[in-house]
Amino acid sequence: MSPKLSPMVMERASLGMFRALFQAVLDNKWSKWSQARGGFLDAMWAFDQLVETGGATQGENQNGKGDFFGDLICALLEHCSDKELVSRPGTPGRVFPKHHLDAAYPPEGRVRVLLETKVAGAPPSSRNKRSQKNPLGRNGSADLDKRIKEAAFKTIDLKAESGRQGGAGAGPQGDLIDWLRQTDPKCFMLMAVRVVDDTDLERTVRLAQAAHELSDGCGLIAYRPRVNCYESAPVPRQMDLDIVLTRICEQLRHLA
């Protein structure tokens with residue numbers, strides 16, 4: 001078992017900084033977010049400089065960063081737990097017959113652990129400088145409300161179907177949050193958000209807290225631009241990405 005990169009990250013020239021970090025994760029067998037955090041911030045800064053100058057396409061900005069963050073998270077967890085995480089398209093929910101899962105375990109059969117990874121926020125670019133309201137870029141929190149609601153519905157739909165298949169009913173009989181915690185699959189949301197100011201950070205944290213309540217845990221790395229670099233921003237301890245990944249690793253280790 002060897003962690004793999006998504007096709008776009010593997011193939012696009014502008015995403016070379018992500019490939020270099022991924023190789024460092026493999027070579028050193030890093031298994032904690034704290035080991036990769038500095039390299040992640042450096043790689044994001046290098047890529048976003050290309051975005052600002054027009055050296056990266058819109059598709060690479062919208063999909064390349066998200067694909068890489070998912071790849072990085074899976075690599076760390078696979079090293080930590082010795083379990084393989086895979087993308088699973090076509091997984092049935094109670095209401096919708098097909099959901100695409102970013103990363104899940106096991107590769108086949110009933111899903112026991114599900115990861116949803118999100119990257120949000122963008123620097124100003126040569127394509128949008130005139131329309132960009134904030135000279136530091138797009139607020140990271142701007143798209144989170146919609147993304148978190150979508151992920152929350154997916155969590156509820158998948159847990160309802162899992163309960164039905166397991167003969168435990170197809171929904172909560174009492175408190176929704178208690179039912180979510182007690183029902184498989186264990187669903188975690190992991191987010192990397194570029195914030196532009198304190199207000200953006202505060203809104204990002206509030207939205208992440210909502211995701212934390214509606215899932216089995218939400219991990220957040222928030223970062224903001226400084227002079228020639230990105231700097232990580234403080235988040236509540238229960239959402240610290242290193243801590244949440246340790247929880248997920250422990251869940252995976254106890255599964256067959």
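Start by selecting D200, which sits in helix α7 (residues 198–214). Helices here are DSSP runs of H or I with at least four residues, strands are E runs of at least two, and both are numbered from the N terminus. This is a predicted model, in which local features need pLDDT of at least 70 and side-chain atom pairs count only at pLDDT 80 or more, while totals for chains, interfaces and linings use all residues. Residues are numbered from 1 along each chain as its sequence is written, and side-chain values use heavy atoms, with hydrogens and water left out.

**Stop 1: D200**

D200 is buried but has no salt bridge. Buried means under 20% relative accessible area, exposed over 50%, and partly exposed in between (1.4 Å probe, protein chains only). A salt bridge needs a side-chain nitrogen of Lys or Arg within 4 Å of a carboxyl oxygen of Asp or Glu. Now show R203: this nearest side chain of opposite charge is 6.2 Å away. For charge, Lys and Arg count as positive, Asp and Glu as negative; His and the chain ends are not counted.

Next, show what D200 touches: N139, G140, S141, R194 and V195, leaving out residues up to four places away in sequence. Contact means heavy atoms within 4.5 Å.

**Stop 2: the aromatic rings**

Colour Phe, Tyr and Trp. The structure holds 9 aromatic pairs. Rings pair if their centres lie within 6.5 Å, taking the six-membered ring of Trp; planes under 30 degrees apart are stacked, over 60 edge-to-face, and the rest tilted.

Select W33 and F69. Their rings are edge-to-face, 6.2 Å centre to centre with 85° between the planes. W33 is in helix α3 (residues 33–53) and F69 in helix α4 (residues 58–81), 36 residues apart. Both W33 and F69 are buried.

Move to W45 and Y230. Their ring centres are 5.0 Å apart and their planes at 85°, so this pair is edge-to-face too. W45 lies in helix α3 and Y230 in strand β6 (residues 229–233), so the pair ties together parts 185 residues apart in sequence. W45 is buried at 18% relative accessible area, and Y230 is buried at 7%.

Now select W33, F40, W45, F69, Y223 and Y230 together: they form one aromatic cluster.

**Stop 3: the cysteines**

Show the sulfur atoms. The count comes to 1 disulfide, defined as a pair of cysteine sulfur atoms within 2.5 Å. C80 is joined to C249, S to S 2.0 Å. The torsion about their S-S bond is about -95°, so the disulfide is left-handed. C80 lies in helix α4 and C249 in helix α8 (residues 241–253), so the link ties together parts 169 residues apart in sequence. C80 is buried at 18%, and C249 is buried at 1%.

C74 is in no disulfide; the nearest cysteine sulfur, that of C249, is 13 Å away. C74 is buried at 13%. C229 is partly exposed at 29%.

**Stop 4: the nonpolar cores**

Which residues have the most contacts inside the largest nonpolar core? Select W33, F40, F69, L115 and I248, in a core of 46 residues. A nonpolar core is a set of buried Ala, Val, Leu, Ile, Met, Phe, Trp, Tyr and Cys residues joined through side-chain atoms within 4.5 Å.

Centre on F69. Leaving out residues up to four places away in sequence, F69 touches W33, F40, T117, K118, V119, L190, M191, A192, I221 and L241.

Finish at another core, which lies apart from the largest one and has 18 residues, among them A120, L144, L220 and A233.
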